[in-house]
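This briefing is meant for a reader who is meeting the structure for the first time. Please look through the sequence and the model shown here before going on to the grouped points below.

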Amino acid sequence: MITVGIITASDKGSKGERTDKSGPLIGEMLEPIGGVVKEYMIVPDEREKLAEGLIYMCDGAKLDIVFTTGGTGFSPRDVTPEATLDVVERLTPGISEAIRMKSLSVTPKAMLSRAVSGIRKQTLIINLPGSPKGVKECLEVILPVLSHGIGILKGIDSECGHDVK
């Protein structure tokens, strides 16, 4: 089982003015790899609120992986990458690069994504776009490696290309 947290960054969603479709989709897409959503929240597009949610899910709930959805574009209110960078201890650029490469094959607008990913303690944090279509495309790219990545992070799996002895 992979324990999962989802944070949706949405001013309208946090006020109940918009239904979040991306957050629930993340949970559904993780089920085949044993992902179980343990924490879910919708917060306004505010750096401190996002950082607080990330810290809680990593340090308090001690989840394996936290996905954010929304807040990764050019709008002045899009601060999810900054909040993520405030809390991660190590970056995982390969994840973000793979997502962007795949997204660029779908639309040139993908280069406008500022999404990042990284590790805080033993939790992987990955920023995803806010639209269900974007979430689906991005998750399809990284789903095949998530279990192994979490296994390495937790000390369960050996490093990529090495056998445990």
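The largest nonpolar core has 23 residues, and those with the most contacts inside it are I65, F67, L124, I126, L128, L139 and L146; a nonpolar core here is a set of buried Ala, Val, Leu, Ile, Met, Phe, Trp, Tyr and Cys residues joined through side-chain atoms within 4.5 Å. At least two residues of this core come from each of strand 1, helix 2 (22–30), strand 3 (65–69), helix 5 (93–106), strand 6 (123–128) and helix 6 (132–154), and helix 6 gives the most, with eight residues. The model is a predicted one, in which local features need pLDDT of at least 70 and side-chain atom pairs count only at pLDDT 80 or more, while totals for chains, interfaces and linings use all residues. Residues are numbered from 1 along each chain as its sequence is written, and side-chain values use heavy atoms, with hydrogens and water left out.

**Terms for the points below**

- Helices (H or I, at least four residues) and strands (E, at least two) are DSSP runs, numbered from the N terminus.
- A residue is called buried under 20% relative accessible area, exposed over 50%, and partly exposed in between, with a 1.4 Å probe and protein chains only, and contact means heavy atoms within 4.5 Å.

- F67, when its neighbours within four places in sequence are left aside, is in contact with V4, G5, I6, I7, I26, L30, I126, L128, L139, I142 and L146.
- A second, separate core of 15 residues includes L50, L54, V88 and I125.
- I7 lies in strand 1, which covers residues 2–9, and I7 counts as buried because its relative accessibility is 0%.
- Not counting residues up to four places away in sequence, I7 touches M41, V43, L50, G53, L54, M57, V66, F67, T68 and T69.
- The C-alpha atoms of I7 and E97 are separated by 21 Å, and these two residues are 90 residues apart along the chain.

**Helix packing**

- Axes are lines fitted to C-alpha atoms, for helices over the stretch in contact, and angles run from 0 to 180 degrees between N-to-C directions.
- Angles under 35 degrees count as roughly parallel, over 145 as roughly antiparallel, 65 to 115 as roughly perpendicular, and the rest as oblique.
- The axes of helix 3 (residues 47–60) and helix 4 (residues 80–87) come within 8 Å and cross at roughly 45°, which means that helix 3 is oblique to helix 4.
- Between these two helices, R47, L50, A51, L54 and I55 in helix 3 meet T80, E82, A83, T84, D86 and V87 in helix 4.
- Helix 5 and helix 6 have axes 9 Å apart and pack at an angle of about 125°, so helix 5 is oblique to helix 6.
- In this pair, I95, A98, I99, K102, S103 and V106 in helix 5 meet K133, E137, C138, V141 and I142 in helix 6.
- Helix 2 and helix 6 pack with their axes 10 Å apart, at an angle of about 30°, and are therefore roughly parallel to each other.
- Here S22, L25, I26, M29 and L30 in helix 2 meet P132, V135, K136, L139, E140, L143 and L146 in helix 6.

**Buried threonines**

- T123 has its place in strand 6 and is buried, with a relative accessible area of 2%.
- The side chain of T123 reaches the backbone oxygen of L63 at 2.6 Å.
- Apart from neighbours within four places in sequence, T123 is in contact with C58, L63, D64, I65, V66, G118 and L153.
- T72 is placed in the loop between strand 3 and helix 4, and with a relative accessible area of 9% T72 is buried.
- Residues up to four places away in sequence not being counted, T72 touches D78, T80, P81, L112, S113, R114, A115, N127, L128 and P129.

**Positive phi in loops**

- Most residues other than glycine have a negative phi.
- K62, in the loop between helix 3 and strand 3, has a positive phi near 50° and is exposed, with a relative accessible area of 58%.
- K121, found in the loop between strand 5 (117–120) and strand 6, has a positive phi near 55° and counts as partly exposed at 46% relative accessibility.

Conventions
Polar contact = N/O pair within 3.5 Å; in protein donor to acceptor, adjacent residues only side chain to side chain.
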